[in-house]
Amino acid sequence: MGKGGQGAGKKTSLDDRMASENGVFPAWAKDANDCLEKFQVNQDKGLSSEEASKRRQVHGPNELERHEGPSIFRLILDQFNDTLVRILLAAAVISFVLAWYDGDEGGEMEITAFVEPLVIFLILIVNAIVGVWQENNAEKALEALKEIQSDHATIIRDGIKTSNLAAKELVPGDIVELKVGDKVPADMRVLRLISSTLRVEQGSLTGESEAVSKTTKAVAEDADIQGKKCMVFAGTTVVNGNCICLVTLTGMRTEIGKVHLQIHEASQCENDTPLKKKLNEFGEVLTAIIGAICALVWLINVKYFLSWEFVDGWPRNFKFSFEKCTYYFEIAVALAVAAIPEGLPAVITTCLALGTRKMAAKNALVRKLPSVETLGCTTVICSDKTGTLTTNQMAVAKLVSMGSKSSALRSFNVEGTTYNPFDGKIQDWPSREMDSNLQMIAKIAALCNDSGVEKSGLHYVATGLPTEAALKVLVEKMGLPVGLDSSSSTSHGDASCCSSAWNNIERRIGTLEFDRDRKSMSVIVSSSSGKKSLFVKGAVENLLERSTHMQLMDGSVVELDHNSKDLILKSLIDMSSKALRVLGFAYKDNPPQFETYNGHEDHPGHALLLDPANYPSIESNLIFAGMAGIRDPPRPEVHQAIEDCREAGIRVMVITGDNKNTAEAICREIGVFGYNEDFNSRSLTGKEFMELRDPKSHLRQNGGLLFSRAEPRHKQEIVRLLKEDGEVVAMTGDGVNDAPALKLADIGIAMGITGTEVAKEASDMVLADDNFSTIVAAVGEGRSIYNNMKAFIRYMISSNMGEVASIFLTAALGIPEGLIPVQLLWVNLVTDGPPATALGFNPPDKDIMKKPPRRSEDSLIDTWILFRYLVIGSYVGLATVGIFIIWFTHHSFLGIDLSGDGHSLVTYSQLSNWGQCSSWKNFTASPFTAGSQVYSFNDNPCDYFQTGKIKAMTLSLSVLVAIEMFNSLNALSEDGSLLTMPPWVNPWLLVAMSISFGLHFLILYVPFLAQVFGIVPLSLNEWLLVLVVALPVILIDEVLKFVGRRMSARTRGMKPEKHKAE
């Protein structure tokens, strides 16, 4: 396999770019020599340049493929793949054609006619730009993935070591040297360790919470990615040691390449948000309704533009009026404009944008606007453990020291969950009275340690290994004994003053590095008096095997007998069962080989330190001092957040790359599992889950679930199955391994502090504080936003129903057009906009997180709500058409005088047959004043029904605006009365109503705008009539809400019986 120049078939097999797992040579399960033989390479000489060139032609460059996204043209077309948008587009095109036709007549109406189509086109263009911009950002996760790849590698070719070879030039079979700080350039088999130990930070790829030690030993062929201890993976980082490796997989066949492919596949199957689906459904229904109403309008009015005579029983002598046909066609277009809530996309975008600001204040940074609404209907949260449910900061939870006799141990619980030395204290601690045993533990923890803790801004951060940093924090919490001075006091905020004090007393002169065989690390120290000591920390079992004595609390040393060992091991088992990683402390005074050692290279002891084979003998005959239990502690607020999820009907599933025991202990502690609960059936490894016959039934279990040792494909499969089952899935993660599932989930949530750029770019939302409880707060905010969106969607739809009713009644009664398209467009876009947006500020319900999530099939508008708005819509239609008729037929109404402008009265019969005006004898119309203008009809009295209707149209438009303002008050609550939810609970709505009325006054009283919209100023009496006609809409809806509340109460009362029957 991979042999250059020979075996073409084998070469193809090696280069099968995304072969199945079974098609890949299992280098991790083979001896190092077998791997070298398989790849036909010598470890010392590497490949020849010629052979490398041949293999590069077969395997291609060692880089991730660039997947071509859809073209800009395709993205633009996709923006019009929406029912509402298509209706708007059709209405705009027809309006434009009609405006062009009308433009031949010239005059002022030409400006008015073109306003409508141009505004609609503008809306569509802005909508398309926003959509293309959002979708163009979708592929950034793939680009971010490339950023974590190594650029260069140290390689052996032709027997020569080259330090800066471009990583993309690597081929399978190359020999690569890795050292501390290097990014791994490809998937490689470890051939030889140059240092005694090799540790790699691969948590971003595998989900493990600590750097992993690597070895040269082969493992089982079916080992999961975490179990492949002899492999290093592309994109991970060496944090300790150096080694020689063999490249086995490059480019898209690496583990990171598989993640790249999974992200790409997930991005191809992104679905619409629940709200988008509902709006699409609504659009389809709206299309049918508009079509039916337009057809009905034409059928009702066909007699005005098409007539015929019956001759011998057959229709003959057809007469067709193109002008009248065009007029009623314009009415049909006006109907379409009236029925479509043009302002809805803008208001939804505004509301979602306001939602993102609210969420940002709660540390949830939304990257994609629709995610705000999707959060509200989340039914399952799939959470990573490390860094989300836990702090991702190792902390000592328990300290065990020796007692006053060999049969007694002392145990101290240590508070705190971060690297902050002032976060919590040690319970029952003998402050400033540290006995000799505790002092020894503090010295070992401080000196046998390569890490540090420092303050960075408002937080404390670790440098070096997290477990060692946790020990440094423990030293600070232990404090100093009486009489031992520190150069700076802890009260001054110094994060390492105690460690510094111990380092001043004992100087470190030699180090025995950690390795997997000894499972320990030690240092040789020299005191100010010249006394030498060996301080050791490591796995408790290994230290006990090498210890012969133990130190008691008074400092005396006694033999470590069998009973004492059992007591220590029993405490170890207890701590391990609580998912604590336990480190033991031991020491030896005056180690024989180093009594005179001072760190100089010419001392015989120095030669011993250079050979790791000597370390076990040096670390023998130790004195055991104590042990500390370390863990990545759960965040303190997570337990309550899990409980909130349970109350809100949201299931929490923990999916982690960490080991099973640790994950189960954390899940029990945070409340995913109960303390005494048997959760064996609900805790599986990723591999066990994939082997289930019916994984969906496992996912349907009530309560929390845990998946440990999970790989990227496991996470993706879990999310996919949940979505197939109708769940709305939120997935959290921070690593590269989480990116495919983040992309696939309904809402992907990345960590802002610990998250990789890959995870952030694949996500819909980023948590600024990496805190699970922030997700729960964001879900509550999402629910509140959805409820508010539902309120303004219903408000806008009810307004549109009123406009449709108005136009339909106009056409059905045969009276002149009372509202023209440009006026309807103004109402839908501008006048309705502020109140609809202000409804987004409605305060959330107090019990919003005590209700189950809404089902994805729940409709925006149920039957009762639809009936309510049909009633309201009918009233709007009657009011707008009624006031139009009143102005033409009455000089006063309800005692309000309307004769001040001097207009002529006509009968209702004349008004409804105005098209026949030219055949009427002796018909005249008096001049009337509107504002500063006088309208006279001496030349053409019939023009009274066209130009002269301008005042009646103004009254109709004003009634429509006033009703919609009052109707926005009705929308404050779905069923709550204005008596229980008064307008001032949302002061923004009152401001918005003022703005909308102000805008209406603007177009009424600014002459140029009044001319564009075809309206005139109103008198005080006329405004009084508008208010009298508009106010009843509040009373009508109050009655309907009262009926709705009674119906809901009756339904709730019947529910228990229903459940019993079931």
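Predicted model: local features only at pLDDT ≥ 70, side-chain atom pairs only at ≥ 80, totals over all residues.

The part to look at closely is helix 28, with the helices that pack against helix 28: how do helix 28 and helix 31 pack?

Modeller: Two packed helices are described by the angle between their axes and the distance between the axes. Helix 28 packs with helix 31, residues 863-889, at an angle of about 45°, and their axes are 7 Å apart. Angles under 35 degrees count as roughly parallel and those from 65 to 115 as roughly perpendicular; helix 28 and helix 31 are therefore oblique to each other. The crossing of helix 28 past helix 31 is right-handed. On the side of helix 28, the residues in this contact include Arg794, Ser798, Met801, Glu803 and Leu813. Helix 31 contributes, among others, Ile865, Tyr869, Gly873, Gly877, Val881 and Ile885. Sorted by class, the contact of helix 28 with helix 31 has 12 nonpolar, eight polar and two charged residues.

Helix 28, residues 772-813, also meets helix 33, residues 950-970. Here the axes come within 10 Å and cross at roughly 150°. Angles over 145 degrees count as roughly antiparallel, and helix 28 and helix 33 are therefore roughly antiparallel to each other. This crossing of helix 28 and helix 33 is right-handed. Helix 28 makes the contact through Tyr795, Ser798, Ser799 and Glu803, and helix 33 through Leu960, Glu964, Met965, Asn967 and Ser968. The residues of the contact of helix 28 with helix 33 divide into three nonpolar, four polar and two charged. Ser798 and Glu803 of helix 28 are named in the contact with helix 33 and also in the contact with helix 31.

In the model, residues 866-888 are 100% helix and 0% strand, with the end C-alpha atoms 33 Å apart. Residues 988-1008 are 95% helix and 0% strand, and the end C-alpha atoms there lie 30 Å apart.

The strands come next. Strands of a sheet pair through backbone hydrogen bonds, either parallel or antiparallel. Glutamate 177 has isoleucine 244 of strand 9 as its bridge partner.

Another open sheet has three strands, in the order 6-5-8, again with antiparallel pairing. Strand 6, at 212-214, and strand 8, at 237-240, each have a single partner strand, so one side of each is left without a neighbour in the sheet. From one strand to the next, the twist averages 45°. Strand 5, residues 198-201, pairs with strand 6 over three bridges, and leucine 198 has lysine 214 of strand 6 as its bridge partner.

Strand 16, residues 452-456, and strand 17, residues 459-463, run antiparallel and are joined by five bridges. Glutamate 454 stands opposite valine 461 of strand 17. Two residues lie between the strands of this hairpin, where glycine 457 takes a positive phi near 70°.

Conventions. Residues numbered from 1 in each chain as written. Heavy atoms only, no water. Pairing = 2+ DSSP bridges. Helix = DSSP H or I, 4+ residues; strand = E, 2+ residues; numbered from the N terminus. Axes fitted to C-alpha atoms, helices over the stretch in contact; angles between N-to-C directions. Left-handed = near helix turned anticlockwise from the far one by under 90°. Contact = heavy atoms within 4.5 Å. Nonpolar A, V, L, I, M, F, W, Y, C, P; charged D, E, K, R; others polar.
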